[in-house]
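Here is a quick walk through a two-chain model, one piece at a time. Keep the viewer open and follow along.

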Amino acid sequence: MINSSDPMLDPIIADDAEAMRRLRDQLVAAAEADQLLDVAYRTVDSPVGTLLVAATDQGLVRVAYEREDHDHVLQGLSELISPRILRAPRRLDQTARQLAEYFAGERHDFVLPLDFRLAHGFRRAVLGHLVLINYGRTESYQPDAGSRAMPSGGAQRRKARRLRRRPGGEGGFARA
Amino acid sequence: MKRPFEEIVAEHGPTVLRVCRAVLARPDADDAWSETFLAALRAYPGLADGANIEAWLVTIAHHKAIDIVRAQSRRATPVADVAQTRSATDALETSDDGLWAALRALPTKQRQAVAYHHVAGMSYAEVAALVGGSTDAARRAAHDGIRALRSRYHNSQSSTPQKKESRS
């Protein structure tokens, strides 16, 4: 809300983007130190589009595709876990690194702490992992990765189909 | 239906920073911003739905700024020395510092009225509720503040039209 009615104040009204970045980073660090950062998130570029990954202090709690609308997903996390949500890439460094290795064909399993507090959220994270492989097969992952990844990918795809056929399917959180 | 706090920082952070800088010298203003948003993050889950978030943040900033000024007045070190020592390493000095300094040199009520109304965009009624006094008094203080700024700063700057693009 900017409501300067005097052009003399324009230099003061102008944003100081550099200072904002610095202060925001400091806020994230202070929030973590005071245990006020309930949900940290970042985005990760991938062959299947930009992924949103979110973690609590216990572990990864949500993976979301672009088409799910990241703002909408964050709003869901705000309502279901806590509105104390900040973009904090460092807490998700390990997740981002493992995803990068995965898309480079160097990794087939994820070794990450997971937060089970949202059963649906956890299932979404698992399904997200399995669907990644599904996507990879039809897009850019498979040609790069070679046949080595195929058995694992096929098995996980079958598992993904089994999971999705279960009664209950995707719960309320899937729409968050 | 609380929005993620990240959105609150993105949307209101710049305005609150301007308010802090209007009432405090850097880097105290930046400290006030940090303390404001940390306190806000702490209290945010309990904030009533539909509350005016910017007015809430400016209120917190107002009190943090008062705390910082009080803490400084208790310290033996002159404030100006502290500010200079720290800002030298901060490399934040800009060509607009004259305007910030002129704003901070206003009498308290005028400075607050200009910062909260013209910079933060609060109504005169909101300004009055925050700093005390009537709505009319807040309006007069803002008006007088702008007039004083124009005479002290604007005239002296008319020959140096350098803009803030020099900032990194």
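Buried here means under 20% relative accessible area, exposed means over 50%, and partly exposed is in between (1.4 Å probe, protein chains only). Helices (H or I, at least four residues) and strands (E, at least two) are DSSP runs, numbered from the N terminus.

## Ground rules

This is a predicted model, where local features need pLDDT of at least 70 and side-chain atom pairs count only at pLDDT 80 or more, while totals for chains, interfaces and linings use all residues. Residues are numbered from 1 along each chain as its sequence is written, chains are lettered from A and ligands numbered from 1 in the order in which they are written, and side-chain values use heavy atoms, with hydrogens and water left out.

## The sheet in chain A

Let's start with chain A, where four strands make an open sheet of mixed pairing, in the order 3-2-1-4. Strand 3 and strand 4 (85–87) hold the edges with a single partner strand each, so one side of each has no neighbour in the sheet. From one strand to the next, the twist averages 25°. Helix 3 (residues 70–80) of chain A packs on this sheet and touches strand 1, strand 2, strand 3 and strand 4, with a direction about 15° from that of strand 2 of chain A.

How many residues of strand 2 (residues 51–55) of chain A are buried? Five of the five, so this strand is largely enclosed by the rest of the structure. Leu51(A), Val53(A) and Ala55(A) point one way, Leu52(A) and Ala54(A) point the other, and all are buried.

On one side, strand 2 pairs with strand 1 (residues 39–44) of chain A in the antiparallel sense over five bridges. Ala40(A) has Ala55(A) as its bridge partner, and Tyr41(A) has Ala54(A). Six residues lie between the strands of this hairpin, and Gly49(A) takes a positive phi near 100°. Strand 2 also pairs with strand 3 (residues 60–64) of chain A, again antiparallel, over four bridges; here Leu52(A) is partnered by Ala64(A). That hairpin has four residues between its strands, and Gly59(A) in the turn shows a positive phi of about 155°.

## Chain B, helices throughout

Chain B has eight helices and zero strands. Of its 168 residues, 51% count as buried. Its accessible surface (Shrake-Rupley method, 1.4 Å probe; for residues, only the protein chains shown count as cover) comes to about 7,800 Å², with 54% belonging to carbon and sulfur atoms. Taking contacts (heavy atoms within 4.5 Å) between residues at least 6 apart in sequence, 70% join residues at least 24 apart.

Helix 3 (residues 53–74) of chain B is where you'll find Ala55(B), which is buried at a relative accessible area of 14%. From Ala55(B) to Ile68(B) is 13 residues in sequence and 20 Å in space, C-alpha to C-alpha.

## Helix 1 against helix 2 in chain B

The axes of helix 1 (residues 5–23) and helix 2 (residues 28–43) of chain B come within 9 Å and cross at roughly 145°.

Conventions
Two strands pair if DSSP finds at least two bridges between them. Axes are lines fitted to C-alpha atoms, for helices over the stretch in contact, and angles run from 0 to 180 degrees between N-to-C directions.
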